[in-house]
Amino acid sequence: GTTMLSLAVLLATSAAQAEVITLTGDNVTLLSGANRSVYDSTIGGTVIGATQISSGALGRFDPTLGVLTKVVATSTIIPGIGFIKGGSGGSAYAYSAWSLGGNSSGSTTINAAVNNIYDFDWNPITVTSTANLNNFVGAGNIATNNFSSYLTVNKSSGSQNAYAHSGTTLTQKLDLVASQSIVYTYSTHSNASFASGGDLNDLTIDFGELASGTSNDKSFSISNLGGLGLTNFTLSFLAGDDVFGITGGNVAAGGSALYNAHFAGQSPLALTGYDVTYRLTFTDSVIGLGQYASSSIGTNYIDLTMQASVAPVPEPASLSLLALGSLVLIRRRRTA
């Protein structure tokens, strides 16, 4: 019952970088023991059947990979056992259905007249889902993974017992075992960066020394290195002097956009330095996705530090002293 990662295939199929990953689960015995065959010795249209409910283990999608958009699961009968029907009169019926993650499959069905031998493979069972996708996201195995299998015969006439079983000959009875696999299709998370050529998550902007009361602006870029777009950020104050601001908008997948850093003018009494660190948190943009697992939507953040120093305007008394000192100096130079 241990689920294991068997194959990871990364395919760039669209601007959203749709990627797929395939997992295999444990094999499930659909029919075993007495349920491998059924017999009907009566005449009168009574249906004799055998039912077996089995469960399997198949891993969920890891939401750290991206936003899940589609699930295709397949159960294949191994090693392709035929379905044998014999006896005279009546009919036989074989059926197996799969319920996975809240989604029911189409079933694999064989239905034919008794008194014949049919030796062919059972069709695979497929569950294709764009609904209930949250049921496939998280750690561990998918909660709902059940198989319902049936064998029935109906001897309505004839002189021989009617029977049906899994196997390849009239005497052979084999357990009906199915292998499981699941293909998850997803788009990689958005990934904000201060650089287009690499994942730069911290940046410092220095406004330099400003005159008292002077505001200032500096532009900077944010790039998206991920497969989904970046939503407009949520700004969090981490530490420092909250006298700065940031404006900017969304960024498309694989694109960049200009943002604006703003220093609000301050008027200190002495030369004063200001600094702050803000956190910009972005969320995956799911605009354009036809369906997705909301529980797999991710967030990512980058930290911006801004600095500025402000020189005060001299007070009037200080200006007078400064002017007087300059005048005395000029007179002294003249008399010299």
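Modeller: A residue counts as buried if its relative accessible area is under 20%. Keep in mind that this is a predicted model.

Biologist: Why is Phe233 called buried?

Modeller: Phe233 has a relative accessible area of 13%. The cut-off is under 20%, so Phe233 is buried.

Biologist: What makes Phe282 count as buried?

Modeller: The relative accessibility of Phe282 is 0%, so Phe282 counts as buried.

Biologist: How many aromatic pairs does the structure hold?

Modeller: There are 14 aromatic pairs in the structure.

Biologist: Why is the pair of Phe233 and Phe282 called edge-to-face?

Modeller: Their ring centres are 5.9 Å apart, and rings pair if their centres lie within 6.5 Å. The planes stand at 65°, and planes over 60 degrees apart count as edge-to-face. The pair is therefore edge-to-face.

Biologist: Where in the chain do Phe233 and Phe282 lie?

Modeller: Phe233 is in the loop between strand E19 and strand E20, whereas Phe282 is in strand E23. The two are 49 residues apart, and their pair links distant parts of the chain.

Biologist: What makes the pair of Phe244 and Phe263 tilted?

Modeller: The angle between the planes is 55°. Stacked needs under 30 degrees and edge-to-face over 60, so the rest count as tilted. Phe244 lies in strand E21 and Phe263 in strand E22, 19 residues apart. Both Phe244 and Phe263 are buried.

Biologist: Which residues do ring pairs link into a cluster?

Modeller: The cluster consists of Phe194, Phe220, Phe233, Tyr259 and Phe282.

Technical notes: Residues are numbered from 1 along each chain as its sequence is written. This is a predicted model: local features need pLDDT of at least 70, side-chain atom pairs count only at pLDDT 80 or more; totals for chains, interfaces and linings use all residues. Side-chain values use heavy atoms; hydrogens and water are left out. Rings of Phe, Tyr and Trp (its six-membered ring) pair if their centres lie within 6.5 Å; planes under 30 degrees apart count as stacked, over 60 as edge-to-face and the rest as tilted. Helices (H or I, at least four residues) and strands (E, at least two) are DSSP runs, numbered from the N terminus. Buried means under 20% relative accessible area, exposed over 50%, partly exposed in between (1.4 Å probe, protein chains only).
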